[in-house]
Amino acid sequence: DQQVKQNSPSLSVQEGRISILNCDYTNSMFDYFLWYKKYPAEGPTFLISISSIKDKNEDGRFTVFLNKSAKHLSLHIVPSQPGDSAVYFCAASEVRDDKIIFGKGTRLHILP
Amino acid sequence: NAGVMQNPRHLVRRRGQEARLRCSPMKGHSHVYWYRQLPEEGLKFMVYLQKENIIDESGMPKERFSAEFPKEGPSILRIQQVVRGDSAAYFCASSPPNRSGNQPQHFGDGTRLSIL
């Protein structure tokens, strides 16, 4: 039973345009959400997070939006750059529980 | 390098042998987590440890797998009598001891375990 779902295995976006990665979750107890970026043969790198008391968090080119009623979050990258090509993992946790639940990831290709 | 250090990066074992994976957390971090990633899958939580204590091992297989985080030295994930299905990437993460609100876990580059 997947509690964090990333339904798009891959996404291709033109360089300079906006990349939008989506994520859905089923556990209403989740209150902390994270996005990690992963290159081949490396570990996941923390990108941005959002607490459930917020609906938006922005850090440079990266913005995460949270819609609690829809149990949906998205990561916006604008403008997209070649170095953004990687696998992006959506993840979530409950504040009382330290483990992180990951989605299966979305592979983002930035096209020249 | 102040990041999470894992070794070895690659480990090859034959069926029935033992595998030992090591993880040194970031400086100042005392919480260690182990995750496993199978091909084309996300990372799956295995175990959460603090110094000399296992806090949550709900993701650990009941047999052959064990983890420790001694007072001195790295955290060790041990797999006894390995089988082909144990082939995966094993990632370690760490976080600080005093959590004021939510803080992200920081990951090492993983150990890729291959079982022949």
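Colleague: Which residue does a disulfide join to A:Cys23?

Modeller: Bearing in mind that this is a predicted model, A:Cys23 is joined by a disulfide to A:Cys90, with an S to S distance of 2.0 Å. A:Cys23 sits in strand 3 (residues 19-25) of chain A and A:Cys90 in strand 9 (residues 86-93) of chain A, so the pair ties together parts that are 67 residues apart in sequence.

Colleague: And what is the handedness of that disulfide?

Modeller: The torsion about the S-S bond of A:Cys23 and A:Cys90 is about -75°, so this disulfide is left-handed.

Colleague: Are those two cysteines, A:Cys23 and A:Cys90, buried or exposed?

Modeller: A:Cys23 and A:Cys90 are both buried.

Colleague: How many disulfides are there over all chains?

Modeller: The search of the whole structure finds two.

Colleague: What about the torsion of the B:Cys23 and B:Cys92 link?

Modeller: The value about the S-S bond is -60°, and the link of B:Cys23 and B:Cys92 is left-handed.

Colleague: Why do B:Cys23 and B:Cys92 count as they do for burial?

Modeller: B:Cys23 has a relative accessible area of 0% and is therefore buried, and B:Cys92 counts as buried because its relative accessibility is 0%; the cut-off for buried is under 20%.

Colleague: Changing topic, how many helices and strands are in chain B?

Modeller: Chain B has zero helices and eleven strands, so from the N terminus on its elements run β-β-β-β-β-β-β-β-β-β-β.

Colleague: How does the radius of gyration of chain B sit with a compact globule?

Modeller: For 116 residues a compact globule would have a radius of gyration near 13 Å, and the 14 Å of chain B agrees with that. The C-alpha trace of chain B spans about 45 × 25 × 25 Å along its principal axes, and 44% of the 116 residues in chain B are buried.

Colleague: What share of the contacts comes from residues 24 or more positions apart?

Modeller: Among the contacts in chain B with a separation of 6 or more, residues 24 or more positions apart account for 53%.

Colleague: Last one, what about surface and charge in chain B?

Modeller: Chain B exposes about 6000 Å², with carbon and sulfur atoms supplying 46% of it. Its side chains include 17 positive and 11 negative ones, and the centres of the two sets lie 5 Å apart.

Note on methods: Residues are numbered from 1 along each chain as its sequence is written. Chains are lettered from A and ligands numbered from 1 in the order in which they are written. This is a predicted model: local features need pLDDT of at least 70, side-chain atom pairs count only at pLDDT 80 or more; totals for chains, interfaces and linings use all residues. Side-chain values use heavy atoms; hydrogens and water are left out. Helices (H or I, at least four residues) and strands (E, at least two) are DSSP runs, numbered from the N terminus. The radius of gyration is taken over C-alpha atoms; the globule rule is 2.2 Å times the number of residues to the power 0.38. Buried means under 20% relative accessible area, exposed over 50%, partly exposed in between (1.4 Å probe, protein chains only). Contact means heavy atoms within 4.5 Å. Accessible areas come from the Shrake-Rupley method with a 1.4 Å probe; for residues, only the protein chains shown count as cover. Lys and Arg count as positive and Asp and Glu as negative; His and the chain ends are not counted. The place of a charge is taken as NZ of Lys, CZ of Arg, CG of Asp or CD of Glu. A disulfide is a pair of cysteine sulfur atoms within 2.5 Å.
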